[in-house]
Amino acid sequence: IVILVNFLLFHNASRWDVTATRVFTLAPQTLSVLDKLESPIRANAFMVPSTSVLDPVRQQTEDLLNEFSRRSGKFTYRFIDPELNRKKALDYEVTDYPAVVFEDVDAGTLQAVTCSSIPGFPGCLTFNEQEFVTGILIASGREQKRIYHLTGHKERSITRDLSTGRSDDEGLDLALDGLRRDNYLVEPLNLKQDPEIPEDAAALIIAGPQQDLDDAETRILTEYIKRGGRIIGLFDP
């Protein structure tokens, strides 16, 4: 019975993510990108092996890349020591590491992703899912959707302190972070400075303005809606 159960489990592997923050659960947008890969994509992770028993950056990177490869048969990855294999690092134009270079194997296009850090604190902290998906989209030549949030009327905005990482509960920080995790590019837009809504806008967010838009801005929004634009309006009671 034990042998039979092991045989069945081996050929019908299932996994459950029981971590509190769903560390091993990819975002829906990530799954969509991986499912729609048309050409093979390879991630080249340039990292010097750590002398410590547990290298959290390498482990986190390998876990994330492994989740990508499990989802798509067209995604592969490999680790390269840039100090032992200097020529390979130069071939991929890697001078600073750790870095992960995404490569369209058929087209040969490359997109590098460097390790995230906190301003004022040098050193690699982590790679994240959104950065990897952006690398895949650019390497494969696919467009990444942009979302703009309106500014200039005392709207809710970004309040995060770069030195402490803390943000105000009244700010848009968590919402915008969520959009970025779903692999959207998020940018501010001030219609007084740029009197038009970019053609690449997937949507425009107007979050809690405390001042009215002027007539010119209203006309811009009206024309944007007429040509099929999308607006998300969030207004206080």
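Which residue in β9 is the bridge partner of Ile147? The legends below take up this question and others on a predicted model.

**View 1. Strands β7 and β9 run side by side in parallel.**
The bridge partner of Ile147 in β9 is Ala203. Strand β7 covers residues 146-150, and strand β9 covers residues 201-207. The two strands are joined by 4 bridges. Both belong to an open sheet of 4 strands. Its order is β8-β7-β9-β10, and the pairing is parallel. At the edges stand β8 (185-189) and β10 (231-234). Each edge strand pairs on one side only. From one strand to the next, the twist averages 20°.

**View 2. Helix α7 lies across β9 and β10.**
This helix spans residues 215-226. It runs at about 140° to β9.

**View 3. Strand β1 pairs with both β2 and β3.**
With β2 (residues 75-80), the pairing is parallel and has 6 bridges. With β3, the pairing is antiparallel and also has 6 bridges. Follow Arg42 to see both partners. In β2, the bridge partner of Arg42 is Thr76. In β3, Arg42 stands opposite Glu103. In β1, 5 of the 6 residues are buried, so the strand is largely enclosed by the rest of the structure. In a regular strand, side chains alternate between the two faces of the sheet.

**View 4. Phe46 and Tyr92 form a tilted aromatic pair.**
The structure holds 7 aromatic pairs, and this is one of them. The ring centres of Phe46 and Tyr92 are 5.7 Å apart, with 55° between the planes. Phe46 lies in β1 (residues 41-46), while Tyr92 lies in the loop between α4 (86-91) and β3 (99-104). The two residues come from parts that are 46 residues apart in sequence, so the pair ties those parts together. Are these residues buried or exposed? Both Phe46 and Tyr92 are buried.

**View 5. Tyr77 and Phe79 meet edge-to-face.**
Their ring centres are 6.2 Å apart. Tyr77 is partly exposed, with a relative accessible area of 25%. Phe79 is partly exposed too, at 22% relative accessibility. Which residue lies over the face of Phe79? Arg58 does, at 4.2 Å from the ring centre.

**View 6. Five Phe residues join in a cluster of rings.**
The members are Phe68, Phe75, Phe102, Phe127 and Phe132, linked by ring pairs.

**View 7. Phe102 touches residues from several stretches of the chain.**
Leave aside residues up to four places away in sequence. The contacts of Phe102 then include Ile41, Arg42 and Ala43. Phe75 is another contact. Also among them are Thr109, Leu110, Gln111 and Val113. Phe132, Gly135, Ile136 and Ala139 complete the list. Across the protein chain, residues 24 or more positions apart account for 69% of the contacts with a separation of 6 or more.

Overall, buried residues make up 33% of the 237 residues in the protein chain.

**View 8. Glu93 and Lys154 have a positive phi.**
Most residues other than glycine have a negative phi. For Glu93, phi is near 60°. Glu93 sits in the loop between α4 and β3. It counts as exposed, at 70% relative accessibility. For Lys154, phi is also near 60°. Lys154 sits in the loop between β7 and α6 (173-181). It counts as exposed, at 53% relative accessibility. Exposed here means over 50%. The protein chain as a whole has 7 helices and 10 strands.

Terms used
Residues are numbered from 1 along each chain as its sequence is written. This is a predicted model: local features need pLDDT of at least 70, side-chain atom pairs count only at pLDDT 80 or more; totals for chains, interfaces and linings use all residues. Side-chain values use heavy atoms; hydrogens and water are left out. Rings of Phe, Tyr and Trp (its six-membered ring) pair if their centres lie within 6.5 Å; planes under 30 degrees apart count as stacked, over 60 as edge-to-face and the rest as tilted. Buried means under 20% relative accessible area, exposed over 50%, partly exposed in between (1.4 Å probe, protein chains only). A charge sits over a ring if NZ of Lys or CZ of Arg is within 6 Å of the ring centre and within 35 degrees of the ring normal. Contact means heavy atoms within 4.5 Å. Two strands pair if DSSP finds at least two bridges between them. Axes are lines fitted to C-alpha atoms, for helices over the stretch in contact, and angles run from 0 to 180 degrees between N-to-C directions.
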